[in-house]
Amino acid sequence: MTFDEFKVLAKGMKAVYTQSWFLPDADAVNIWYKLLKDLDYAVANVAIQKYMLTNRKEPTVADIRELASAVVVGEKPLWSDGWEEVLRAISKYGSYRETEALQSMTETTRKAVKRMGFRNICMSENIAADRANFRMIFEQISDREHTEKQLPVTLTNLIEAARSQALLGDGE
């Protein structure tokens, strides 16, 4: 998104959120632009419109990035949908066809099930506890994936570089 495109979006947000502390000056607009410029204009436009139509309080950069991520990759998955996938897979494939069962699941569900152990879930005598544990694991995985999708590639690269540098520094 270009700076001129962002200025149109900022002007729209200022028209809806008129508090003096929201985007108070050119410096604030520049900072917001630097944090959002990697977004496609059409995606940012949709995200901001959705936010303005559903929220009374002024947005943060994180709010806009979260909605933009949802526009591009879809809403964060619900743990209950994942649990339903698990139950369907158990019913269809049983405990002996684990590979096929795991392949029938979405990525987030599959990761959560692998952490718990597919056979452990199949053989469990306390399905309520398994459902609760699945929910906890699924939501942790989902939150992490969702946050990673919100970050611009440039920041992700900087994080990786800093991590690599820190690991190299620890080895000396």
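Helix axes are lines fitted to C-alpha atoms over the stretch in contact, and the angle between two of them runs from 0 to 180 degrees between N-to-C directions. In this predicted model, helix 3 and helix 4 pack at about 115 degrees. Their axes lie 8 Å apart. The crossing of helix 3 past helix 4 is right-handed. Helix 3 contributes Val43, Val46, Ala47, Ile48, Lys50 and Tyr51 to the contact. Helix 4 answers with Asp63, Ile64, Leu67, Ala68, Val71 and Val72. By class, ten of these contact residues are nonpolar, two are charged and none is polar.

Helix 1 and helix 2 form another packed pair. Their axes come within 10 Å and cross at roughly 120 degrees. Here too the crossing is right-handed, with helix 1 passing helix 2. From helix 1, the residues in contact are Phe3, Phe6 and Met13. From helix 2, they are Val29, Asn30, Trp32, Tyr33 and Leu36. Seven residues of this contact are nonpolar and one is polar. No charged residue takes part in the contact of helix 1 with helix 2.

Trp32 and Leu36 sit on the helix 2 side of the contact with helix 1. Phe6 touches Met1, Val29, Trp32, Tyr33 and Leu36, with residues up to four places away in sequence left out of the count.

Thr109 is in helix 7, which covers residues 107–116. Its relative accessibility is 0%, below the 20% limit, so Thr109 counts as buried. Beyond residues up to four places away in sequence, Thr109 touches Gly82, Glu85, Val86, Phe134 and Phe138. Glu100 lies in helix 6, residues 98–103. Its relative accessible area is 35%, between the 20% and 50% limits, so Glu100 is partly exposed. Glu100 and Met116 are 16 residues apart in sequence. In space, their C-alpha atoms are 17 Å apart.

At the level of the whole chain, the secondary structure comprises ten helices and zero strands. The order of elements from the N terminus is α-α-α-α-α-α-α-α-α-α. The chain has 172 residues, of which 34% count as buried. Its radius of gyration is 21 Å, whereas a compact globule of 172 residues would be near 16 Å. The C-alpha trace spans about 60 × 50 × 25 Å along its principal axes. Among contacts with a separation of 6 or more, 66% join residues 24 or more positions apart.

Technical notes
Residues are numbered from 1 along each chain as its sequence is written. This is a predicted model: local features need pLDDT of at least 70, side-chain atom pairs count only at pLDDT 80 or more; totals for chains, interfaces and linings use all residues. Side-chain values use heavy atoms; hydrogens and water are left out. Contact means heavy atoms within 4.5 Å. Helices (H or I, at least four residues) and strands (E, at least two) are DSSP runs, numbered from the N terminus. Buried means under 20% relative accessible area, exposed over 50%, partly exposed in between (1.4 Å probe, protein chains only). A crossing is left-handed if the near helix is turned anticlockwise from the far one by less than a right angle, and right-handed if clockwise. Ala, Val, Leu, Ile, Met, Phe, Trp, Tyr, Cys and Pro count as nonpolar, Asp, Glu, Lys and Arg as charged, and the others, Gly among them, as polar. The radius of gyration is taken over C-alpha atoms; the globule rule is 2.2 Å times the number of residues to the power 0.38.
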